Amino acid sequence: VDCIPYAVDALRGAIKLWRIRALGDSPDYETGGPTCASCRSFAAADSDVYDHCPFCVRVRLALGLKNIKHNVHFLANDDVETPTGLVGKKIAPIWIDGDEAPMPESLDIIEKIDSSDAFGETGLIQPATGRTDLKAWQKEVQRAMRLTQRPRYVMSPLPEFMQSDARRAFIANHFVPIGDLDKASWKELTQEEQDKYYAEAISMADELIPELNEALKRLEPLIHSPQCVSEGGVSYDDIDTWSRLRSLTIIKGLEFPHKVRAYLDYFSEIGDVPLYDSMAC
């Protein structure tokens, strides 16, 4: 039996998740039309990514939403040679598909896979709506997110940080915004000074976690539903918003409002990208 178009909007998300879990079907998006198990797209392709990188997560999420079979290759964070050999510089994500030239840039990759019938049904991801409220929220929490997430990434067993040189490379290239520190002044610090600031950022949890909890409360009314952040179905708004929110699940002690938590869980399930809850610290 092919996928069934659901008539009752209130039940649509729950039915989709049940079909995914119980039957193995792909999701039937609100605006993209039905997709069934027999319509799945399989491609012998690779994505080179970092697990923590929200731009990499954008691509992983889109591939999961479209149920495109591919190989996920996690690059070590200090691996300069591999991406440079592929696209001329250290960057991720990189999409590698057969004899085609490797492709960087997350949004270019997503546009390619959602516009080519080689990857199944096209146009499943709607255009970005241009919402300024979501961008304003991201800007509002940028400092707190950098202070909380960056030290926790290198404390956690993420595949790109399995060796000390990889962790060192990340710290050297990612400042924590304490005082007047910025990217330029960070480069002038010694390893010991950088490590000291990372430790200080961790010690700021009592200040930063309540700040983020309040910000999450302000985010909740901006989310249309667990199935889409903006009215009208899955869009590039979700590709960007969810990929950034996922990183927050690495922070122990955050309190996600009901709709925010449901949104995180829904896209983790249908996008086949795990959250960090089990390793939160």
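Predicted model: local features only at pLDDT ≥ 70, side-chain atom pairs only at ≥ 80, totals over all residues.

1. Residues are numbered from 1 along each chain as its sequence is written, and side-chain values use heavy atoms, with hydrogens and water left out.

2. As an overview, the protein contains 11 helices and four strands. Of its 281 residues, 49% are buried, where buried means under 20% relative accessible area, exposed means over 50%, and partly exposed lies in between (1.4 Å probe, protein chains only). Taking contact as heavy atoms within 4.5 Å, residues 24 or more positions apart account for 69% of the contacts with a separation of 6 or more.

3. Helix H10 (residues 236-246) and helix H11 (residues 258-271) have axes that come within 10 Å and cross at roughly 105°, the axes being lines fitted to C-alpha atoms over the stretch in contact, with angles from 0 to 180 degrees between N-to-C directions. H10 and H11 are therefore roughly perpendicular to each other, a label given to angles of 65 to 115 degrees, while those under 35 count as roughly parallel, those over 145 as roughly antiparallel and the rest as oblique. On the H10 side the contact is made by Asp238, Thr241, Trp242, Leu245 and Arg246, and on the H11 side by Tyr263, Leu264, Phe267 and Ser268.

4. The buried residues of H11 include Tyr263, Leu264, Phe267 and Ser268, and these four residues also belong to the contact with H10. After H11 comes Asp272, whose phi is positive, near 60°, in a residue other than glycine. With a relative accessible area of 65%, Asp272 is exposed.

5. Arg244, also in helix H10, is partly exposed, with a relative accessible area of 27%. Leaving out residues up to four places away in sequence, Arg244 touches Pro54, Phe55, Arg58, Gln138, Met145 and Gln149. Its C-alpha atom is separated by 8.4 Å from that of Val57, although Arg244 and Val57 are 187 residues apart along the chain.

6. Leu147, in helix H5 (residues 132-155), is buried, with a relative accessible area of 0%. Beyond four places in sequence, the residues that Leu147 touches include Val176, Pro177, Ile178 and Met204; Leu147 and Val176 are 29 residues apart in sequence and 5.5 Å apart in space, C-alpha to C-alpha. Gln194, in helix H8 (residues 191-203), counts as buried at 4% relative accessibility.

7. Two backbone details deserve a look. The peptide bond from Ala92 to Pro93 is cis, with omega near 5°, and Pro93 lies in the loop between helix H3 (81-87) and strand E3 (94-97). Glu105, in the loop between strand E4 (103-104) and helix H4 (106-115), is not a glycine and yet has a positive phi of about 75°.

Notes: Helix = DSSP H or I, 4+ residues; strand = E, 2+ residues; numbered from the N terminus.
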